[in-house]
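Subject: Handover of a structure, with findings

Dear colleague,

Please find the structure below, followed by an account of what was found in it. I would ask you to keep the structure open while you read.

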Amino acid sequence: MTLITFFTLFNVSAGIIVQEKGSTHLRWNIFAPKDLVQIHKNKDTVQFRTLNTELYINLEKAIKDIDPDGKYITSIKAVGPSEMSNSSKVEIKLKSDAVELFSFYKDRDKKLVVDFWTEESNENTPISKVKSPKKAKVSKAVVKSTKTTKKSVRKAPVKKPLVVKKDSPYRDFRYGASFIWDYSPLAPKLKKIINLDSKTPEYFYKIKNRDVSKSEAEAHMQLTINLFRKKKWGLMYKSIKLYNKKYGENTNFDINEFMKANAILRENFSKGNTEPVKMSISMLENILLKSKNYELRSGIYKYLIPYFVQANDYVKTLELTKKYYVDSKENHDYEESNYAAEGILFNLAKLKQIEKVQELLEEKTIQKILPKQVMLAYELYTFLSLDESEKVIKLYEKNKSSLVKPVHPVILYNVAEAYFRNSDYSKATAIYDQFLNDYSFHEKSSEARVRIAQCWEIQEKDFKESVELYKNAINRSQKSDVGFEARVRYVALRNLRKKNVTSSDREVKVFLTSGVDSVKIEKDLKKLLWQVRLRTFIVEKKYDEALAYLNALPLKSMIPTDRRVFESDGAEIVYGMIEKSFNNGQYANVIKAWDIYKDQYIDKVANDPQMNFLVANSYIRLGLIEGFDSLYEDFSKSNYEISKTFPIWVERKNTTDSKSLLAELQIIRNLKLKNWNVVRKEIASLKKTKNSIDKLDYYEGLLFYNTGDWKNGAKSFEKFLSSGKDDSISDPKEIAELVKAYTDCLYEIGDTKKYQKVANALLSDTRKLKSKNEYMDSVREKVSYLNIELLAGDESDESFLLLESKIKKFKKDFDKSIYSGRINYLLGLSLLNNKKDDEGKKVLEGLISDEGIDEHIKNLARSELSMLKIKNKTL
């Protein structure tokens with residue numbers, strides 16, 4: 001089908017844009033092929049962009065007929081391609097930037113769903129009262145699970161967007177075990193009327209005795225029957241062969257063949273083989289075609305139908321149930337017609353022939369024969385099997401008032417699953433709870449308990465209650481795979497969504513490995529396990545281990561939507577590595593990580609301004625101006641793209657917008673290149689705009705410092721330090737530059753008291769950073785040395801006592817200092833002034849004998865020793 005035809009079909013049926021106004025949100029259904037429409041939101045403006053001309057024309061026509069909901073939208077306009085861009089767009093002006101946007105694509109309906117909502121409207125959402133899931137009765141019996149085919153994994157289709165308060169101790173649902181898939185519908189079951197492992201068709205049709213006085217042929221038949229009953233199979237076969245020879249094969253063909261078929265089955269059972277022999281099945285089918293004995297045919301039907309159901313041959317079973325339905329009606333056997341009619345529905349449902357199911361249910365005879373709940377159960381099952389959850393809900397709502405309790409389990413489970421798939425979690429919880437109250441022994445009770453816990457978690461209800469619901473699902477699960485899913489989600493709830501994980505939370509991580517070998521982990525469950533394992537590394541900040549684990553996953557074989565989830569987490573891992581390296585002053589490692597993983601993870605997700613800033617800053621730190629310029633150009637082009645808002649595993653300290661970060665990078669670049677006039681102009685320009693930079697006073701201080709304006713430099717640094725924005729500096733080299741520049745300014749303007757006070761405070765605050773890099777060590781060394789020199793200039797007794805302790809600490813911190821000669825001289829001087837003549841004399845004599853000490857320091861030492869001798873002689 002061509003693209004034009006595609007649009008024509010949709011325009012005829014519903015229009016390319018269908019607007020739905022709800023009490024909690026406004027929904028736009030945009031019927032367009034996947035990935036042809038890109039959505040961009042910037043504050044109070046939303047743009048739907050496309051490069052497809054035909055699609056744009058249809059969108060332009062559609063918006064003319066749309067009546068904007070003033071609660072969310074103030075205006076809509078279409079903007080065609082321009083010289084700057086080839087893309088066309090529909091631009092929507094929101095009522096305010098408080099209007100949020102949530103979108104997802106429904107492959108089944110071929111439409112892009114866009115929800116407009118506000119936090120206020122979401123908080124006022126009425127929630128149906130539901131019984132506490134804890135009250136559900138639970139069976140201890142274990143029921144064998146039926147094999148089901150799961151649907152492909154998809155992310156939770158959250159209809160009502162999640163709103164989590166910023167100060168909440170928990171992350172929203174998307175940060176947990178966020179992969180959700182459709183559970184298989186609960187199929188209606190035909191009543192089990194025979195155990196094929198031990199019973200034969202004779203169970204339904206007992207061979208009657210013959211009237212031996214009637215004829216010699218009847219006496220021969222009775223002999224054969226007696227041999228059959230005594231299990232003398234060899235003699236029985238000979239008797240049948242002789243009978244056919246004397247009276248013809250068509251005479252009593254059906255009874256003779258029936259005995260032979262049963263004999264084959266019985267002999268097979270006696271050998272320990274419980275599987276019916278295909279030869280006997282063929283013989284029974286042949287009898288159906290030729291026999292005129294309805295009771296015999298009925299018995300064979302009731303044996304063959306369960307046989308082919310057990311073999312999952314629904315086409316053959318459908319053929320048999322249709323014939324049996326007609327046969328039983330012709331013979332007025334309405335009880336068996338009931339069984340046959342349900343058999344037809346069962347097979348049509350298994351074959352997903354929804355139209356034929358509906359046709360059959362409309363027949364008046366079927367409506368008289370079958371109970372209404374049984375007919376509704378089949379119709380609901382068929383709709384859900386076709387992923388028509390909306391039709392399931394509509395049909396249930398239409399009939400729910402007439403349903404007599406206890407409601408059929410197929411109805412309850414499938415309706416609850418439909419509500420869940422349709423993101424109506426409150427109603428899904430209520431009906432799952434009813435299902436568990438009435439059918440706690442059911443094989444689907446395990447799935448129902450997990451679903452209730454998921455509903456609670458997705459709706460951001462009481463966190464402790466969600467924990468208990470998952471515990472309940474784990475403890476009462478009758479299926480190993482469903483129980484394991486509950487354990488994985490339980491681990492995610494406590495270790496991923498909680499922001500402050502305790503030791504008791506970490507202990508439950510054993511569920512991710514314990515008992516894994518005993519569980520058959522299917523494709524969907526495997527991806528969920530991968531996701532939770534990866535994210536536990538991330539929250540523990542084990543970025544190297546997380547990246548190694550991620551690289552081992554088969555991302556290329558995943559469907560794009562699943563792969564995108566892992567790639568988004570991968571981008572956060574890379575950011576964590578980059579930030580850690582940057583804060584440690586390892587700028588080469590920052591650039592290395594960027595170069596290696598940019599194409600693999602970073603470019604696959606939304607623009608990350610802070611990551612771009614750290615990498616560009618690292619280029620500057622290393623003096624790689626060309627690398628900076630190249631990155632800056634790419635970063636500036638992404639200025640108007642939507643910035644990354646999810647996932648954010650690593651908290652961003654700098655929340656400034658892209659435009660401000662770009663301006664800050666230009667200041668950093670020009671400071672590096674000593675373009676003082678350019679820096680001055682940029683700072684002046686930024687002060688006039690609203691795009692403020694947290695570190696603007698810091699950069700202005702550096703400008704004054706580098707141009708010799710010590711007084712204004714000190715003022716700018718003091719303004720920055722007192723602004724409360726000093727947390728914006730995390731790079732140890734920047735901290736070192738701040739310490740050096742600020743103290744140098746104070747020293748140069750001669751404010752010795754403030755210098756000493758500030759120096760002591762800064763040295764104390766930066767002690768933990770002293771081993772981060774050599775630059776910080778050198779700055780601390782200089783500040784400490786100047787502080788000692790200022791103290792030595794005081795020449796009071798108290799100053800010399802303090803001087804001695806500071807010098808000893810300096811020698812301990814900087815044992816290979818370039819100031820060691822001068823420091824040792826001041827130490828000797830302080831010891832002499834503190835009446836420690838012997839120690840002081842020893843230090844000064846050591847200086848004189850040290851060949852590495854400058855001559856002028858040796859002369860000072862000799863002078864002090866001479867003064868000491870004169871003093872001692874005077875005494």
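How many bridges join strand β1 to β2? Five bridges join strand β1 (residues 17-21) to β2, and the two strands run antiparallel. Two strands are said to pair if DSSP finds at least two bridges between them. Helices (H or I, at least four residues) and strands (E, at least two) are DSSP runs, numbered from the N terminus.

Residues are numbered from 1 along each chain as its sequence is written, and side-chain values use heavy atoms, with hydrogens and water left out.

Confidence

The term pLDDT stands for the predictor's confidence in each residue, from 0 to 100. The protein averages a pLDDT of 81, and 84% of the residues score at least 70. Contact means heavy atoms within 4.5 Å. Where pLDDT is low, the predicted coordinates should not be read in detail.

Strand β2 and its partners

Within β2, the bridge partner of Gln-19 is Trp-28. Five bridges also join β2 to strand β8 (residues 111-117), and these two strands run antiparallel. In β8, Leu-26 has Phe-116 as its bridge partner.

Buried means under 20% relative accessible area, exposed means over 50%, and partly exposed lies in between (1.4 Å probe, protein chains only). In a regular strand the side chains alternate between the two faces of the sheet. Both faces of β2 are covered: Leu-26, Trp-28 and Ile-30 are buried on one side, and Arg-27 and Asn-29 are buried on the other.

A four-stranded sheet

An open sheet of four strands has the order β3-β4-β6-β5, with antiparallel pairing. Its edge strands, each pairing on one side only, are β3 (38-42) and β5 (73-79). From one strand to the next, the twist averages 15°. Six bridges join β5 to strand β6 (residues 88-94), and in β6 the bridge partner of Ile-76 is Ile-92. Helix α2 (residues 53-63) packs on the sheet, where it touches β4 (45-50), β5 and β6, and its direction makes about 145° with that of β5. Axes are lines fitted to C-alpha atoms, for helices over the stretch in contact, and angles run from 0 to 180 degrees between N-to-C directions.

Helix α28

Helix α28 (residues 676-688) has 13 residues and reaches 19 Å from its first C-alpha to its last, close to the expected 18 Å. The expected span of a helix is 1.5 Å times one less than its number of residues.

Which residues of α28 are buried? Val-679, Ile-683 and Leu-686 are buried in this helix. They cover an arc of only 65° around the axis, which puts them on the same side of α28. The arc is that of the directions from the helix axis to the C-beta atoms. The face turned away from the buried side of α28 carries the exposed residues Asn-677, Lys-681 and Lys-688. What covers the buried residues of α28 includes α27 and α29 (696-706).

Two single residues

Cys-745 is found in helix α31 (residues 732-748) and counts as buried, at 0% relative accessibility. Leaving aside its neighbours within four places in sequence, Cys-745 is in contact with Tyr-705, Trp-710, Gly-713, Ala-714 and Phe-717.

Ile-648 lies in the loop between α26 (625-637) and α27 (658-672), and counts as partly exposed at 25% relative accessibility. Not counting residues up to four places away in sequence, Ile-648 touches Tyr-175 and Glu-572.

With kind regards

Note on methods:
Predicted model: local features only at pLDDT ≥ 70, side-chain atom pairs only at ≥ 80, totals over all residues.
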